[in-house]
Amino acid sequence: TKEPGSLGEPLYLDVSTAIQSSERRGLVHVFGGRYGLASKDFNPTHALAAFENLQNPQPKNHFTVGILDDITGTSLPVSLCIDLIAKDVTQCILWGKGQDGTVGSAKHIIQILGEHTSLFAQGYFSYDAHKAGAVTTSHLRFDP
């Protein structure tokens, strides 16, 4: 997270300092940006946009990717959608309210399908710290 008044994010500053303190000073240019703003996911399409930015004659520094920044104009354009998920993969997202049983049920689904079928099962769960009544999200994935 960029601190107010800082020249950049911590990793950007660490890499820039390391380059400037080495024999590579002046030979390497460091470009940094922000991603995943407002709890948005960073996906392969955003990574491609960052690499395409580096191919420009004048790459943007301190860019944003994944949101449209219409105030400062630092957003990188996203040219296409990259789908890395195989065709035989089933993905589900289940939303619930804290303590309504959705997360527990989703965990049972993964356990049952993983142990009693030939499918591989994977799950990721996110929930608010407030627990009761807060939104929960269960991401499930199954494939042969």
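Which residue forms a salt bridge with arginine 34, and how far apart are the closest N and O atoms? Glutamate 9 does, at 2.7 Å. The legends below describe a predicted model, in which local features need pLDDT of at least 70, side-chain atom pairs count only at pLDDT 80 or more, and totals for chains, interfaces and linings use all residues. Residues are numbered from 1 along each chain as its sequence is written, and side-chain values use heavy atoms, with hydrogens and water left out.

**View A. The salt bridge between arginine 34 and glutamate 9.** The structure holds 1 salt bridge (a side-chain nitrogen of Lys or Arg within 4 Å of a carboxyl oxygen of Asp or Glu). Arginine 34 lies in strand 1 (residues 33-35) and glutamate 9 in the segment before helix 1 (10-20), so the contact ties together parts that are 25 residues apart in sequence. Helices (H or I, at least four residues) and strands (E, at least two) are DSSP runs, numbered from the N terminus. Glutamate 9 is buried, with a relative accessible area of 14%. Arginine 34 is partly exposed, at 30%. Buried means under 20% relative accessible area, exposed over 50%, and partly exposed in between (1.4 Å probe, protein chains only).

**View B. The two faces of helix 1.** Tyr12, Ser16 and Ile19 are buried in helix 1. Down the helix axis they fall within an arc of 65°, so they line one face. The arc is that of the directions from the helix axis to the C-beta atoms. An α-helix has 3.6 residues a turn, so residues three or four places apart point the same way. The face turned away from the buried side carries the exposed residues Leu11 and Asp14. Aspartate 14 has a relative accessible area of 52%. Aspartate 14 and glutamine 122 are 108 residues apart in sequence and 35 Å apart in space, C-alpha to C-alpha.

**View C. Helix 2, its cap and its buried side.** Asparagine 43 caps the N-terminal end of helix 2. One of its side-chain oxygens lies 2.9 Å from the backbone nitrogen of threonine 45. Helix 2 spans residues 44-54, and its buried residues are Thr45, His46, Ala49 and Asn53. They cover an arc of only 100° around the axis, which puts them on the same side of helix 2. These buried residues pack against strand 2 (63-65).

View D. Asparagine 53 is buried, with a relative accessible area of 3%. Not counting residues up to four places away in sequence, asparagine 53 touches Pro59, Lys60, Phe63 and Leu76. Contact means heavy atoms within 4.5 Å.

View E. Strand 3 and strand 5 (residues 135-143) pair in the antiparallel sense over 8 bridges. Two strands pair if DSSP finds at least two bridges between them. Glycine 96 stands opposite threonine 136 in strand 5.

Technical notes: A polar contact is a pair of N or O atoms within 3.5 Å; within protein, one must be able to donate a hydrogen and the other to accept it, and residues adjacent in sequence count only if both atoms are side-chain atoms.
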